[in-house]
Number of protein chains: 2
Amino acid sequence: MHYGMPNPRPSGDSAFAKAPTIKEVAAAAGVSVATVSRALNASGPVHGTTSANVLAVARRLGFRPNLMGRNLRTTRTCTLGVMLPTLNHPVFAECLQGIEAQAQSQQQVIAVSATGYQVDAEERASERLLQQRVDGLILTVADAAHSSVLDKLDAEGVPYVLVFNQPGVTSPSLAARPFVSVDNFLAGKKMVEHLLSLDHQRVHMLAGQFQQSDRSLQRFLGYQAAMSAAGLPWSPPLELPFTTCDTRRELQDLLDRRSPPTALFCSNDQLAMTVIRDLRDLGLRVPDDISLAGFDGVHMGELLSPVLTTVVQPTAEIGRAAVDLLLQLIDGECYLGPALLHHTLRLGGTASRRTQEHQAAFASPPGPRTP
Amino acid sequence: MHYGMPNPRPSGDSAFAKAPTIKEVAAAAGVSVATVSRALNASGPVHGTTSANVLAVARRLGFRPNLMGRNLRTTRTCTLGVMLPTLNHPVFAECLQGIEAQAQSQQQVIAVSATGYQVDAEERASERLLQQRVDGLILTVADAAHSSVLDKLDAEGVPYVLVFNQPGVTSPSLAARPFVSVDNFLAGKKMVEHLLSLDHQRVHMLAGQFQQSDRSLQRFLGYQAAMSAAGLPWSPPLELPFTTCDTRRELQDLLDRRSPPTALFCSNDQLAMTVIRDLRDLGLRVPDDISLAGFDGVHMGELLSPVLTTVVQPTAEIGRAAVDLLLQLIDGECYLGPALLHHTLRLGGTASRRTQEHQAAFASPPGPRTP
DNA sequence: GTGAAAGCGCTAACAA
DNA sequence: TTGTTAGCGCTTTCAC
């Protein structure tokens with residue numbers, strides 16, 4: 001179908017002639033609007049020559065269907081609402097890229113909103129998107145098990161798919177909420193097992209605040225499980241606000257303990273990269289003095305030297321899968337359970353085997369430089 | 001105004017009662033739809049008690065205005081189209097964040113599309129957004145001086161604002177196209193002047209392909225100007241495809257020349273970070289063996305060690321300013337010229353004073369390791 | 001195969 | 001201050 005691609009200069013009128021409507025196409029083609037509609041959408045029987053003529057006229061006039069009219073009539077907008085905490089973060093940005101690509105390929109438009117993990121922002125944004133009558137929503141919330149926005153969507157029967165959230169595990173009793181993510185518990189466990197396989201025994205976890213991230217909690221539970229399975233004691237996580245950009249004080253406290261960790265597991269790559277820099281400021285080298293692993297698999301981690309050891313999520317794929325699942329839900333297909341996509345471990349250079357030298361570093365820890 | 005925030009469970013009906021319309025609110029409140037509309041939008045005279053009653057009823061029913069109806073009637077959607085090459089790239093992601101924030105604060109919704117610098121994707125996306133009847137467009141194109149999409153928007157009188165593009169300079173004859181960016185020429189010039197002030201004389205530029213980036217060209221012209229002003233010879237840029245993720249071969253070629261550069265100016269930070277890694281692979285340290293500067297000011301650059309020397313653009317601010325400018329254009333205010341926002345130099349550690357040692361590195365350049 | 005007409009939900013004249 | 005009414009542009013019965 002080629003209608004809707006107007007000529008550079010519509011029809012010989014001066015200035016900006018207002019966009020022609022289906023009515024004008026009908027008049028110009030000498031048929032009724034119904035026939036034009038059928039021809040343009042191939043939505044009903046229409047004679048070959050009539051159709052060709054209509055299409056030609058529409059093209060000549062630079063006709064561009066007004067979706068407001070169509071949407072009002074069909075009560076479908078072919079628009080998907082997307083609500084993410086931030087668009088700036090590499091993980092969400094890449095996911096959004098995946099969402100957009102898949103949406104585009106399915107002729108959907110996306111309306112995007114950033115919520116900053118603020119419940120009131122989620123409330124406002126969802127309300128606006130629902131007023132726009134989006135067909136469904138793709139979103140990440142702080143805690144998918146306790147979300148007023150999700151409660152509202154459930155109550156109103158609005159189709160939605162969560163990305164990254166992993167609600168089911170914390171509250172299996174709740175009606176299942178559709179989500180697409182990796183198995184954060186398992187991935188966290190695998191990563192810690194990897195650290196343990198490198199002879200580390202004192203592994204600590206640094207995490208975003210669990211209140212703001214149910215998946216962060218899952219990763220911690222994975223850490224806990226791996227430690228317990230190995231017969232090692234686990235420590236409570238160091239929870240850091242989402243906005244943290246300087247971890248030196250917390251790290252210093254951690255390293256000043258009687259048995260400081262030999263390896264750190266950070267619940268996301270952003271945090272991991274910040275920690276690497278701050279460790280460097282404190283005079284510690286990664287991995288020589290301390291090993292470190294992240295979670296996410298952001299591209300930037302591969303530009304570091306050494307390359308960041310991390311769990312790689314198929315971030316863009318999560319976005320694409322969410323679109324597919326959402327479109328199914330919109331089409332009334334019933335929900336068959338969440339999509340857990342495959343993760344992989346990237347065995348970079350920031351986590352290495354514990355050595356004597358390594359131990360020595362802690363026998364006489366260097367004093368802080370600029371605490 | 002508080003209407004439109006429905007109670008968790010609309011009105012006692014079973015399952016998912018379809019959303020109430022203004023008509024039903026009118027009936028329930030015992031007034032006409034006109035009065036409801038006026039009360040809800042404060043768009044006309046309405047008695048205090050009547051208004052209060054209407055609002056209460058709307059609230060109780062969980063009324064949520066259907067914007068398709070309103071938009072169709074008003075021919076305004078309060079939606080801004082956003083077309084960027086990619087949503088994944090830190091610069092565009094941060095800009096999008098700024099756009100979204102400002103749009104939200106101005107009660108606008110954004111419809112987002114990624115175009116990957118592909119003209120046909122730009123064509124498709126713009127067409128879809130125009131069918132959606134967005135009120136205007138914010139976009140980045142490859143070359144703003146030669147863009148069929150911009151030609152179309154101009155011809156149809158659709159308001160738009162370019163971000164990052166800097167079209168005027170290359171073709172002052174064309175009707176001015178509204179844009180928001182930094183002064184790429186000046187910023188490039190300043191950065192090269194900084195490198196020259198560190199005693200560098202052989203400075204080379206690495207750039208994204210100019211065909212894909214008019215601003216990259218501006219930065220190169222700034223480089224040229226700085227070199228010329230200092231009485232130094234400039235070299236043609238090393239143009240690399242946008243997708244480049246390995247620059248080792250090109251770098252090796254560059255370093256094998258008779259007088260290899262002592263400093264590199266990369267036209268963006270992504271490229272700069274890739275180059276730093278590849279130089280490292282080739283056995284060269286930054287800045288000890290060679291100095292380097294980037295352009296953009298992405299956050300990640302501050303996590304590097306040493307910190308990336310670069311031009312910092314106010315990326316999010318560019319997005320916000322673009323929204324403000326676009327809304328003015330939509331409101332019919334006339335275009336008063338582009339917004340050139342302030343940039344700053346971040347004097348990180350990747351560009352340092354040229355030393356004897358530095359020179360020595362090139363007296364006997366190390367062979368390639370994995371070319 | 002085609003047309004006439006109703007109506008999606010809303011706003012804005014115009015009347016009262 | 002309030003109500004009546006005519007569309008905004010489109011799809012979709014239902015006749016023919």
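**Aromatic contacts in a predicted model**

Student: What makes the charged end of A:R219 count as sitting over the ring of A:F295?

Tutor: The charged end of A:R219 is 3.8 Å from the centre of the A:F295 ring, and a charge sits over a ring if NZ of Lys or CZ of Arg is within 6 Å of the ring centre and within 35 degrees of the ring normal. In chain B, B:R219 lies over the face of B:F295, likewise at 3.8 Å from the ring centre. This is a predicted model, in which local features need pLDDT of at least 70 and side-chain atom pairs count only at pLDDT 80 or more. Side-chain values use heavy atoms, without hydrogens and water.

Student: How many aromatic pairs are found over all chains?

Tutor: The search of the whole structure finds eight; among them, A:F92 and A:F164 form an edge-to-face pair, 5.5 Å centre to centre with 85° between the planes.

Student: Why is the pair of A:F210 and A:F220 called tilted?

Tutor: Rings of Phe, Tyr and Trp (its six-membered ring) pair if their centres lie within 6.5 Å, and planes under 30 degrees apart count as stacked, over 60 as edge-to-face and the rest as tilted. The centres of A:F210 and A:F220 are 5.7 Å apart and their planes stand at 40°, so the pair is tilted. Ring pairs also link A:F210 and A:F220 with A:Y223 and A:W234 into a cluster.

Student: Are A:F210 and A:F220 buried or exposed?

Tutor: Both A:F210 and A:F220 are buried, a term that stands for under 20% relative accessible area, with exposed over 50% and partly exposed in between (1.4 Å probe, protein chains only).

Technical notes. Residues numbered from 1 in each chain as written. Chains lettered and ligands numbered in written order.
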